[in-house]
Amino acid sequence: VWVQQACGRVVGSHHAYWVWVIYVVDAAIYPVLVAQYVDTMVPMSEFRRGILSTALVGMVTGINLLGTDMMVKFNTLLAAVSLAPTVLFVAIGMPRLEPERTLVAHGELDSSLLVSWILWLYCGFFSLGTLAGELEQPRRTFLISIGILFPAVLLLNTLPLAVALSLDDVPAHYSAGYFNVLARRLAGRWLDYGFQLGANVCLIGLYNAAALTAERSLAFLVASHFTGEMNAVVERRRRSGGRADALLVWLLAASETGVAPVYILFNAAVAASLVWAPYTRLVEFSMLLSVPSILLFMWSFVALRMKQPESLRARPFRIPGGLPTAVLITVVPIAISISYAVIVAAESFVPEPGSAGEGGHSARHKKGGARRHNAAGHQIRSMLGVIGAGVAVHALVVLLSARRRRRVEAKARTQGASLGSLPRSPGWEEAEEAADSRGPSAGLISSKLG
(Lines give C-alpha, C1' and ligand atoms only; values in the text may rest on other atoms or scores of the structure.)
Protein backbone atom coordinates (compact mmCIF):
# COMPACT_ATOMS: atom_id res chain seq x y z
CA VAL A 1 0.00 0.00 0.00
CA TRP A 2 2.85 2.40 0.85
CA VAL A 3 4.57 1.88 -2.48
CA GLN A 4 1.33 2.26 -4.43
CA GLN A 5 0.50 5.53 -2.66
CA ALA A 6 4.00 6.93 -3.18
CA CYS A 7 4.86 5.61 -6.65
CA GLY A 8 1.55 4.95 -8.34
CA ARG A 9 -0.57 1.93 -9.15
CA VAL A 10 1.75 0.36 -11.73
CA VAL A 11 4.89 0.41 -9.58
CA GLY A 12 2.85 -0.62 -6.54
CA SER A 13 1.50 -3.64 -8.40
CA HIS A 14 4.96 -4.75 -9.51
CA HIS A 15 6.26 -4.31 -5.97
CA ALA A 16 3.41 -6.41 -4.55
CA TYR A 17 4.30 -9.10 -7.08
CA TRP A 18 7.98 -9.01 -6.02
CA VAL A 19 7.04 -9.27 -2.35
CA TRP A 20 4.78 -12.22 -3.11
CA VAL A 21 7.57 -14.03 -4.97
CA ILE A 22 10.08 -13.30 -2.20
CA TYR A 23 7.86 -14.65 0.55
CA VAL A 24 6.39 -17.63 -1.27
CA VAL A 25 9.93 -18.78 -2.10
CA ASP A 26 11.05 -18.02 1.44
CA ALA A 27 8.11 -20.01 2.82
CA ALA A 28 9.07 -23.06 0.75
CA ILE A 29 12.51 -23.17 2.41
CA TYR A 30 11.20 -24.20 5.83
CA PRO A 31 9.37 -27.45 4.98
CA VAL A 32 12.52 -28.52 3.10
CA LEU A 33 14.61 -27.89 6.22
CA VAL A 34 12.11 -29.86 8.34
CA ALA A 35 12.46 -32.83 6.00
CA GLN A 36 16.25 -32.61 6.23
CA TYR A 37 16.07 -32.53 10.04
CA VAL A 38 13.83 -35.60 10.08
CA ASP A 39 16.22 -37.27 7.64
CA THR A 40 18.98 -37.09 10.28
CA MET A 41 16.80 -39.23 12.58
CA VAL A 42 15.02 -41.43 10.04
CA PRO A 43 16.98 -41.64 6.78
CA MET A 44 14.72 -41.01 3.79
CA SER A 45 15.07 -40.83 0.04
CA GLU A 46 14.82 -37.51 -1.76
CA PHE A 47 11.32 -38.41 -2.93
CA ARG A 48 10.09 -39.12 0.60
CA ARG A 49 11.58 -35.85 1.84
CA GLY A 50 9.61 -34.07 -0.86
CA ILE A 51 6.42 -35.88 0.17
CA LEU A 52 6.97 -34.89 3.81
CA SER A 53 7.58 -31.25 2.85
CA THR A 54 4.40 -31.20 0.76
CA ALA A 55 2.40 -32.75 3.61
CA LEU A 56 3.60 -30.03 5.99
CA VAL A 57 2.45 -27.35 3.54
CA GLY A 58 -0.96 -29.03 3.39
CA MET A 59 -1.24 -29.27 7.19
CA VAL A 60 -0.48 -25.58 7.80
CA THR A 61 -2.78 -24.57 4.95
CA GLY A 62 -5.64 -26.51 6.52
CA ILE A 63 -5.11 -24.76 9.87
CA ASN A 64 -5.02 -21.31 8.23
CA LEU A 65 -8.28 -22.07 6.42
CA LEU A 66 -9.97 -22.51 9.82
CA GLY A 67 -9.66 -18.76 10.45
CA THR A 68 -7.46 -16.06 11.93
CA ASP A 69 -8.17 -16.99 15.57
CA MET A 70 -7.11 -20.60 15.04
CA MET A 71 -4.00 -19.44 13.18
CA VAL A 72 -2.97 -17.16 16.08
CA LYS A 73 -3.44 -19.95 18.64
CA PHE A 74 -1.46 -22.31 16.43
CA ASN A 75 1.42 -19.82 16.15
CA THR A 76 1.43 -19.27 19.92
CA LEU A 77 1.75 -23.01 20.50
CA LEU A 78 4.54 -23.25 17.93
CA ALA A 79 6.46 -20.40 19.58
CA ALA A 80 6.30 -21.96 23.06
CA VAL A 81 7.34 -25.44 21.88
CA SER A 82 10.16 -24.18 19.67
CA LEU A 83 11.74 -21.77 22.16
CA ALA A 84 12.00 -24.11 25.15
CA PRO A 85 14.79 -26.43 23.83
CA THR A 86 16.78 -23.47 22.49
CA VAL A 87 16.67 -21.71 25.84
CA LEU A 88 17.78 -24.93 27.58
CA PHE A 89 20.59 -25.41 25.04
CA VAL A 90 21.89 -21.89 25.71
CA ALA A 91 21.47 -22.14 29.49
CA ILE A 92 23.33 -25.45 29.72
CA GLY A 93 25.99 -24.42 27.22
CA MET A 94 26.80 -20.96 28.57
CA PRO A 95 29.39 -22.27 31.11
CA ARG A 96 31.24 -23.86 28.18
CA LEU A 97 31.13 -20.71 26.04
CA GLU A 98 34.51 -19.80 24.52
CA PRO A 99 34.13 -16.42 22.78
CA GLU A 100 37.57 -16.63 21.13
CA ARG A 101 36.49 -19.72 19.17
CA THR A 102 33.52 -17.88 17.72
CA LEU A 103 35.81 -15.23 16.22
CA VAL A 104 38.22 -17.56 14.42
CA ALA A 105 37.88 -17.48 10.63
CA HIS A 106 38.17 -20.70 8.60
CA GLY A 107 38.68 -20.58 4.84
CA GLU A 108 37.49 -17.80 2.58
CA LEU A 109 34.66 -15.41 3.33
CA ASP A 110 31.67 -15.89 1.05
CA SER A 111 30.32 -12.35 1.31
CA SER A 112 27.20 -12.77 -0.84
CA LEU A 113 26.16 -15.92 1.04
CA LEU A 114 26.82 -14.21 4.38
CA VAL A 115 24.66 -11.21 3.55
CA SER A 116 22.01 -13.52 2.04
CA TRP A 117 21.68 -15.36 5.32
CA ILE A 118 21.65 -12.14 7.36
CA LEU A 119 18.85 -10.70 5.22
CA TRP A 120 17.01 -14.01 5.38
CA LEU A 121 17.29 -14.26 9.17
CA TYR A 122 15.87 -10.78 9.80
CA CYS A 123 13.50 -10.30 6.84
CA GLY A 124 10.59 -11.45 9.00
CA PHE A 125 10.26 -7.96 10.46
CA PHE A 126 9.05 -6.72 7.07
CA SER A 127 6.04 -9.02 7.36
CA LEU A 128 4.69 -7.27 10.46
CA GLY A 129 3.11 -4.54 8.37
CA THR A 130 0.96 -7.02 6.45
CA LEU A 131 -1.05 -7.74 9.61
CA ALA A 132 -1.61 -4.08 10.57
CA GLY A 133 -5.09 -3.98 9.06
CA GLU A 134 -6.20 -6.89 11.25
CA LEU A 135 -5.10 -5.32 14.57
CA GLU A 136 -7.42 -3.33 16.83
CA GLN A 137 -4.60 -1.24 18.38
CA PRO A 138 -1.67 -1.37 15.93
CA ARG A 139 0.39 1.33 17.65
CA ARG A 140 0.38 -0.34 21.05
CA THR A 141 0.72 -3.85 19.62
CA PHE A 142 3.60 -3.00 17.29
CA LEU A 143 5.58 -1.06 19.88
CA ILE A 144 5.31 -3.90 22.41
CA SER A 145 6.00 -6.56 19.75
CA ILE A 146 9.09 -4.88 18.33
CA GLY A 147 10.39 -4.05 21.80
CA ILE A 148 10.24 -7.75 22.69
CA LEU A 149 10.98 -9.37 19.34
CA PHE A 150 14.05 -7.45 18.21
CA PRO A 151 16.32 -8.18 21.19
CA ALA A 152 14.86 -11.69 21.51
CA VAL A 153 15.53 -12.53 17.85
CA LEU A 154 19.02 -11.03 18.06
CA LEU A 155 19.88 -13.15 21.11
CA LEU A 156 18.26 -16.31 19.73
CA ASN A 157 20.23 -15.98 16.49
CA THR A 158 23.53 -15.27 18.28
CA LEU A 159 23.77 -17.18 21.57
CA PRO A 160 22.91 -20.69 20.28
CA LEU A 161 25.46 -20.25 17.48
CA ALA A 162 28.09 -19.03 19.94
CA VAL A 163 27.51 -22.08 22.16
CA ALA A 164 27.60 -24.38 19.12
CA LEU A 165 30.89 -22.92 17.86
CA SER A 166 32.35 -23.33 21.34
CA LEU A 167 31.54 -27.04 21.10
CA ASP A 168 32.65 -27.47 17.47
CA ASP A 169 34.15 -24.69 15.36
CA VAL A 170 34.73 -26.73 12.16
CA PRO A 171 32.48 -25.20 9.46
CA ALA A 172 32.45 -28.38 7.37
CA HIS A 173 30.50 -30.19 10.10
CA TYR A 174 27.54 -27.82 9.98
CA SER A 175 24.56 -28.87 7.90
CA ALA A 176 20.81 -29.08 8.48
CA GLY A 177 20.29 -31.12 11.66
CA TYR A 178 23.76 -30.76 13.15
CA PHE A 179 22.58 -28.65 16.09
CA ASN A 180 20.72 -31.64 17.53
CA VAL A 181 24.01 -33.60 17.38
CA LEU A 182 25.64 -30.86 19.45
CA ALA A 183 22.66 -30.87 21.82
CA ARG A 184 23.18 -34.58 22.50
CA ARG A 185 26.89 -34.00 23.05
CA LEU A 186 26.11 -31.19 25.45
CA ALA A 187 23.34 -32.65 27.62
CA GLY A 188 22.35 -36.09 26.40
CA ARG A 189 19.72 -37.75 24.29
CA TRP A 190 16.77 -35.95 25.91
CA LEU A 191 17.98 -32.54 24.73
CA ASP A 192 18.76 -34.01 21.32
CA TYR A 193 15.14 -35.09 20.91
CA GLY A 194 13.86 -31.85 22.43
CA PHE A 195 16.05 -29.80 20.10
CA GLN A 196 14.87 -31.75 17.07
CA LEU A 197 11.25 -31.23 18.05
CA GLY A 198 11.77 -27.52 18.80
CA ALA A 199 13.72 -26.91 15.60
CA ASN A 200 11.10 -28.57 13.42
CA VAL A 201 8.23 -26.80 15.16
CA CYS A 202 10.07 -23.48 14.76
CA LEU A 203 10.52 -24.10 11.04
CA ILE A 204 6.81 -24.84 10.69
CA GLY A 205 6.07 -21.53 12.42
CA LEU A 206 8.46 -19.71 10.09
CA TYR A 207 6.74 -21.25 7.10
CA ASN A 208 3.38 -20.06 8.42
CA ALA A 209 4.66 -16.50 8.97
CA ALA A 210 6.15 -16.26 5.48
CA ALA A 211 3.02 -17.80 3.94
CA LEU A 212 0.79 -15.22 5.66
CA THR A 213 2.79 -12.38 4.10
CA ALA A 214 2.77 -14.03 0.67
CA GLU A 215 -1.00 -14.57 0.80
CA ARG A 216 -1.72 -10.95 1.72
CA SER A 217 0.66 -9.60 -0.91
CA LEU A 218 -1.04 -11.70 -3.58
CA ALA A 219 -4.48 -10.61 -2.33
CA PHE A 220 -3.48 -6.93 -2.52
CA LEU A 221 -2.05 -7.40 -6.02
CA VAL A 222 -5.26 -8.95 -7.35
CA ALA A 223 -7.60 -6.64 -5.41
CA SER A 224 -5.86 -3.53 -6.73
CA HIS A 225 -6.97 -4.49 -10.26
CA PHE A 226 -10.05 -6.71 -9.99
CA THR A 227 -11.90 -5.78 -6.78
CA GLY A 228 -15.06 -4.65 -8.59
CA GLU A 229 -15.24 -7.72 -10.79
CA MET A 230 -14.64 -10.14 -7.90
CA ASN A 231 -17.22 -8.45 -5.66
CA ALA A 232 -19.75 -8.61 -8.48
CA VAL A 233 -19.12 -12.32 -8.94
CA VAL A 234 -19.49 -12.96 -5.19
CA GLU A 235 -22.79 -11.06 -4.99
CA ARG A 236 -24.19 -12.73 -8.09
CA ARG A 237 -23.22 -16.21 -6.89
CA ARG A 238 -24.50 -15.52 -3.37
CA ARG A 239 -27.94 -14.69 -4.76
CA SER A 240 -27.97 -17.85 -6.88
CA GLY A 241 -27.77 -20.13 -3.84
CA GLY A 242 -26.47 -23.26 -5.58
CA ARG A 243 -23.92 -25.63 -4.06
CA ALA A 244 -21.25 -24.72 -6.60
CA ASP A 245 -22.07 -21.06 -6.07
CA ALA A 246 -21.63 -21.44 -2.30
CA LEU A 247 -18.19 -22.98 -2.87
CA LEU A 248 -17.15 -20.11 -5.13
CA VAL A 249 -18.40 -17.54 -2.61
CA TRP A 250 -16.38 -19.26 0.13
CA LEU A 251 -13.25 -19.21 -2.05
CA LEU A 252 -13.54 -15.48 -2.78
CA ALA A 253 -14.82 -14.24 0.61
CA ALA A 254 -12.41 -13.12 3.34
CA SER A 255 -14.63 -12.95 6.42
CA GLU A 256 -12.95 -15.68 8.51
CA THR A 257 -9.42 -16.08 7.19
CA GLY A 258 -8.30 -12.45 6.73
CA VAL A 259 -7.78 -13.06 3.02
CA ALA A 260 -9.89 -15.05 0.56
CA PRO A 261 -9.19 -18.81 0.76
CA VAL A 262 -8.39 -18.84 -2.95
CA TYR A 263 -5.15 -16.97 -2.20
CA ILE A 264 -4.28 -19.35 0.65
CA LEU A 265 -4.81 -22.36 -1.60
CA PHE A 266 -2.95 -20.89 -4.57
CA ASN A 267 -0.03 -19.87 -2.38
CA ALA A 268 0.07 -23.39 -0.89
CA ALA A 269 0.10 -24.94 -4.36
CA VAL A 270 3.08 -22.81 -5.39
CA ALA A 271 4.95 -23.57 -2.16
CA ALA A 272 4.22 -27.29 -2.52
CA SER A 273 5.85 -27.16 -5.96
CA LEU A 274 8.91 -25.25 -4.74
CA VAL A 275 9.69 -27.62 -1.84
CA TRP A 276 11.14 -30.07 -4.34
CA ALA A 277 14.01 -27.66 -5.07
CA PRO A 278 17.27 -27.51 -3.01
CA TYR A 279 16.86 -25.05 -0.16
CA THR A 280 20.18 -23.28 -0.88
CA ARG A 281 18.85 -22.43 -4.33
CA LEU A 282 15.65 -21.13 -2.79
CA VAL A 283 17.59 -18.85 -0.41
CA GLU A 284 19.71 -17.46 -3.24
CA PHE A 285 16.67 -17.06 -5.50
CA SER A 286 14.80 -14.54 -3.40
CA MET A 287 17.52 -12.55 -1.64
CA LEU A 288 18.72 -10.35 -4.51
CA LEU A 289 15.12 -9.61 -5.47
CA SER A 290 14.64 -8.21 -1.97
CA VAL A 291 17.06 -5.38 -2.81
CA PRO A 292 14.76 -3.42 -5.19
CA SER A 293 11.85 -4.27 -2.90
CA ILE A 294 13.57 -2.79 0.16
CA LEU A 295 14.71 0.27 -1.79
CA LEU A 296 11.13 0.96 -2.89
CA PHE A 297 9.93 0.49 0.68
CA MET A 298 12.44 3.03 1.96
CA TRP A 299 11.75 5.53 -0.81
CA SER A 300 7.99 5.27 -0.22
CA PHE A 301 8.47 5.85 3.50
CA VAL A 302 10.36 9.10 2.85
CA ALA A 303 8.18 10.19 -0.08
CA LEU A 304 4.96 9.89 1.91
CA ARG A 305 6.47 11.99 4.69
CA MET A 306 6.94 14.73 2.07
CA LYS A 307 3.71 14.26 0.08
CA GLN A 308 1.18 13.49 2.82
CA PRO A 309 2.42 14.89 6.14
CA GLU A 310 -1.09 15.72 7.36
CA SER A 311 -2.63 12.32 6.65
CA LEU A 312 0.29 10.56 8.32
CA ARG A 313 -0.35 12.43 11.56
CA ALA A 314 -3.76 10.76 11.79
CA ARG A 315 -2.34 7.24 11.48
CA PRO A 316 -2.60 5.04 14.60
CA PHE A 317 1.05 4.01 14.26
CA ARG A 318 3.60 6.60 13.19
CA ILE A 319 7.35 6.83 13.76
CA PRO A 320 8.01 10.14 15.55
CA GLY A 321 10.24 12.82 14.05
CA GLY A 322 10.23 14.80 10.85
CA LEU A 323 11.78 14.26 7.44
CA PRO A 324 15.41 14.11 8.70
CA THR A 325 14.47 11.28 11.06
CA ALA A 326 12.75 9.42 8.24
CA VAL A 327 15.82 9.74 6.00
CA LEU A 328 18.13 8.65 8.82
CA ILE A 329 16.07 5.51 9.49
CA THR A 330 16.45 4.41 5.87
CA VAL A 331 20.24 4.78 5.74
CA VAL A 332 21.16 1.38 7.21
CA PRO A 333 18.69 -0.77 5.18
CA ILE A 334 19.63 1.05 1.98
CA ALA A 335 23.37 0.69 2.67
CA ILE A 336 23.06 -3.05 3.38
CA SER A 337 20.89 -3.63 0.30
CA ILE A 338 23.16 -1.72 -2.08
CA SER A 339 26.26 -3.34 -0.61
CA TYR A 340 24.75 -6.77 -1.11
CA ALA A 341 23.83 -5.98 -4.72
CA VAL A 342 27.38 -4.74 -5.37
CA ILE A 343 28.88 -7.90 -3.82
CA VAL A 344 26.69 -10.18 -5.92
CA ALA A 345 27.42 -8.21 -9.09
CA ALA A 346 31.17 -8.31 -8.40
CA GLU A 347 31.18 -12.06 -7.71
CA SER A 348 29.20 -12.74 -10.87
CA PHE A 349 32.17 -11.40 -12.86
CA VAL A 350 34.76 -13.55 -11.05
CA PRO A 351 36.30 -15.86 -13.68
CA GLU A 352 35.54 -19.55 -13.32
CA PRO A 353 38.32 -22.11 -12.70
CA GLY A 354 40.60 -22.61 -15.61
CA SER A 355 39.92 -19.22 -17.15
CA ALA A 356 42.41 -16.45 -17.58
CA GLY A 357 43.45 -14.48 -14.54
CA GLU A 358 43.31 -17.21 -11.89
CA GLY A 359 46.99 -18.02 -11.85
CA GLY A 360 48.12 -20.75 -9.49
CA HIS A 361 45.34 -20.71 -6.92
CA SER A 362 44.66 -23.91 -5.01
CA ALA A 363 41.95 -26.36 -6.07
CA ARG A 364 39.91 -25.46 -2.98
CA HIS A 365 40.13 -21.76 -3.81
CA LYS A 366 39.05 -22.46 -7.39
CA LYS A 367 36.12 -24.57 -6.22
CA GLY A 368 34.96 -21.88 -3.79
CA GLY A 369 35.31 -19.18 -6.44
CA ALA A 370 33.33 -21.23 -8.93
CA ARG A 371 30.55 -21.82 -6.40
CA ARG A 372 30.31 -18.12 -5.55
CA HIS A 373 30.39 -17.21 -9.24
CA ASN A 374 27.58 -19.65 -10.06
CA ALA A 375 25.51 -18.60 -7.04
CA ALA A 376 25.85 -14.90 -7.90
CA GLY A 377 24.91 -15.58 -11.52
CA HIS A 378 21.89 -17.59 -10.36
CA GLN A 379 20.70 -14.73 -8.16
CA ILE A 380 21.03 -12.17 -10.96
CA ARG A 381 19.24 -14.40 -13.47
CA SER A 382 16.49 -15.15 -10.96
CA MET A 383 15.92 -11.47 -10.18
CA LEU A 384 15.85 -10.44 -13.83
CA GLY A 385 13.59 -13.38 -14.66
CA VAL A 386 11.05 -12.46 -11.97
CA ILE A 387 11.07 -8.77 -12.93
CA GLY A 388 10.88 -9.64 -16.63
CA ALA A 389 7.95 -12.01 -16.06
CA GLY A 390 6.11 -9.26 -14.19
CA VAL A 391 6.68 -6.79 -17.00
CA ALA A 392 5.51 -9.35 -19.58
CA VAL A 393 2.32 -10.16 -17.65
CA HIS A 394 1.63 -6.44 -17.14
CA ALA A 395 2.04 -5.78 -20.86
CA LEU A 396 -0.30 -8.70 -21.66
CA VAL A 397 -2.94 -7.40 -19.22
CA VAL A 398 -2.72 -3.91 -20.72
CA LEU A 399 -3.07 -5.36 -24.22
CA LEU A 400 -6.07 -7.51 -23.29
CA SER A 401 -7.71 -4.62 -21.43
CA ALA A 402 -7.28 -2.36 -24.46
CA ARG A 403 -8.82 -4.99 -26.75
CA ARG A 404 -11.70 -5.49 -24.35
CA ARG A 405 -12.28 -1.73 -24.15
CA ARG A 406 -12.31 -1.45 -27.95
CA ARG A 407 -14.84 -4.29 -28.19
CA VAL A 408 -17.11 -2.61 -25.62
CA GLU A 409 -16.87 0.71 -27.45
CA ALA A 410 -17.60 -0.95 -30.79
CA LYS A 411 -20.60 -2.73 -29.29
CA ALA A 412 -21.89 0.54 -27.86
CA ARG A 413 -21.54 2.26 -31.24
CA THR A 414 -23.37 -0.62 -32.93
CA GLN A 415 -26.20 -0.46 -30.43
CA GLY A 416 -26.40 3.31 -30.85
CA ALA A 417 -26.60 2.94 -34.62
CA SER A 418 -29.30 0.29 -34.24
CA LEU A 419 -31.37 2.55 -32.00
CA GLY A 420 -31.00 5.37 -34.50
CA SER A 421 -32.40 3.21 -37.30
CA LEU A 422 -35.58 2.23 -35.45
CA PRO A 423 -38.86 3.38 -37.14
CA ARG A 424 -40.32 6.62 -35.77
CA SER A 425 -44.00 7.36 -35.12
CA PRO A 426 -45.88 9.40 -37.72
CA GLY A 427 -45.51 13.16 -37.35
CA TRP A 428 -42.26 13.04 -35.33
CA GLU A 429 -40.46 15.41 -37.72
CA GLU A 430 -43.16 18.10 -37.36
CA ALA A 431 -43.10 17.70 -33.55
CA GLU A 432 -39.30 18.12 -33.45
CA GLU A 433 -39.44 21.26 -35.62
CA ALA A 434 -42.13 22.77 -33.41
CA ALA A 435 -40.16 21.97 -30.28
CA ASP A 436 -36.99 23.54 -31.70
CA SER A 437 -38.89 26.72 -32.55
CA ARG A 438 -39.97 26.99 -28.89
CA GLY A 439 -36.39 26.69 -27.53
CA PRO A 440 -34.14 24.00 -26.09
CA SER A 441 -36.16 23.55 -22.88
CA ALA A 442 -39.35 22.94 -24.74
CA GLY A 443 -37.52 20.57 -27.06
CA LEU A 444 -36.25 18.61 -24.08
CA ILE A 445 -39.77 18.47 -22.58
CA SER A 446 -41.31 17.33 -25.82
CA SER A 447 -38.68 14.64 -26.25
CA LYS A 448 -39.38 13.37 -22.73
CA LEU A 449 -43.14 13.36 -23.35
CA GLY A 450 -42.66 11.65 -26.65
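The model is predicted; local features need pLDDT of at least 70 and side-chain atom pairs count only at pLDDT 80 or more, while totals for chains, interfaces and linings use all residues. Residues are numbered from 1 along each chain as its sequence is written, and side-chain values use heavy atoms, with hydrogens and water left out.

The chain contains 18 helices and zero strands. Helices (H or I, at least four residues) and strands (E, at least two) are DSSP runs, numbered from the N terminus. Of the 450 residues in the chain, 37% are buried. Here, buried means under 20% relative accessible area, exposed means over 50%, and partly exposed lies in between (1.4 Å probe, protein chains only). The accessible surface of the chain is about 25300 Å², and carbon and sulfur atoms account for 67% of that surface. Such areas come from the Shrake-Rupley method with a 1.4 Å probe, and for residues only the protein chains shown count as cover. Contacts (heavy atoms within 4.5 Å) were also sorted by separation in sequence. Of the contacts between residues at least 6 apart in sequence, 77% join residues at least 24 apart.

Helix α15 covers residues 323–348, 26 residues in total. From its first C-alpha to its last, α15 reaches 37 Å, close to the 38 Å expected at 1.5 Å a residue. The expected span is 1.5 Å times one less than the number of residues in the helix. Helix α15 bends by about 35° at Val331, and Pro333 follows within four residues. The bend at a residue is the angle between axes fitted to the seven residues ending there and the seven starting there. The buried residues of α15 are Ala326, Thr330, Ser337, Tyr340, Val344, Glu347 and Ser348. An α-helix has 3.6 residues a turn, so residues three or four places apart point the same way.

The patch is formed by Trp299, Met306, Leu323, Val327, Leu328, Val331, Val332 and Ile336, which together have about 740 Å² of accessible area. Two or more residues of the patch come from each of α13 (290–307) and α15. The most is given by α15, with six residues. Patches are made of residues with over 30% relative accessible area and no salt bridge; like charges are joined within 9 Å, and nonpolar side chains (Val, Leu, Ile, Met, Phe, Trp, Tyr) within 5 Å. Two patch residues illustrate these values. Leu328, in helix α15, counts as exposed because its relative accessibility is 62%. Ile336, also found in α15, counts as partly exposed at 39% relative accessibility. The C-alpha atoms of Leu328 and Val302 are 9.8 Å apart, and the two residues are 26 residues apart in sequence.

The structure holds five salt bridges. A salt bridge is a side-chain nitrogen of Lys or Arg within 4 Å of a carboxyl oxygen of Asp or Glu. Glu98, Arg101 and Asp169 are linked in a network of salt bridges. Asp169 is buried, with a relative accessible area of 17%. Glu98 is partly exposed at 31%, and Arg101 is partly exposed at 23%. Another salt bridge joins Asp192 and Arg184, at 2.8 Å from N to O. Asp192 is buried, with a relative accessible area of 4%, whereas Arg184 is partly exposed at 37%.

Two loops were examined through Gly67 and Ala254. Gly67 lies in the loop between α3 (46–65) and α4 (68–93), and counts as buried because its relative accessibility is 4%. Ala254 lies in the loop between α10 (243–252) and α11 (261–274), and is partly exposed, with a relative accessible area of 39%. The C-alpha atoms of Ala254 and Gly67 are 9.5 Å apart, although the residues are 187 residues apart in sequence. A C-alpha separation of 9.5 Å is also found between Gly67 and Val259, 192 residues apart along the chain. Leaving aside neighbours within four places in sequence, Ala254 is in contact with Val259 and Ala260.
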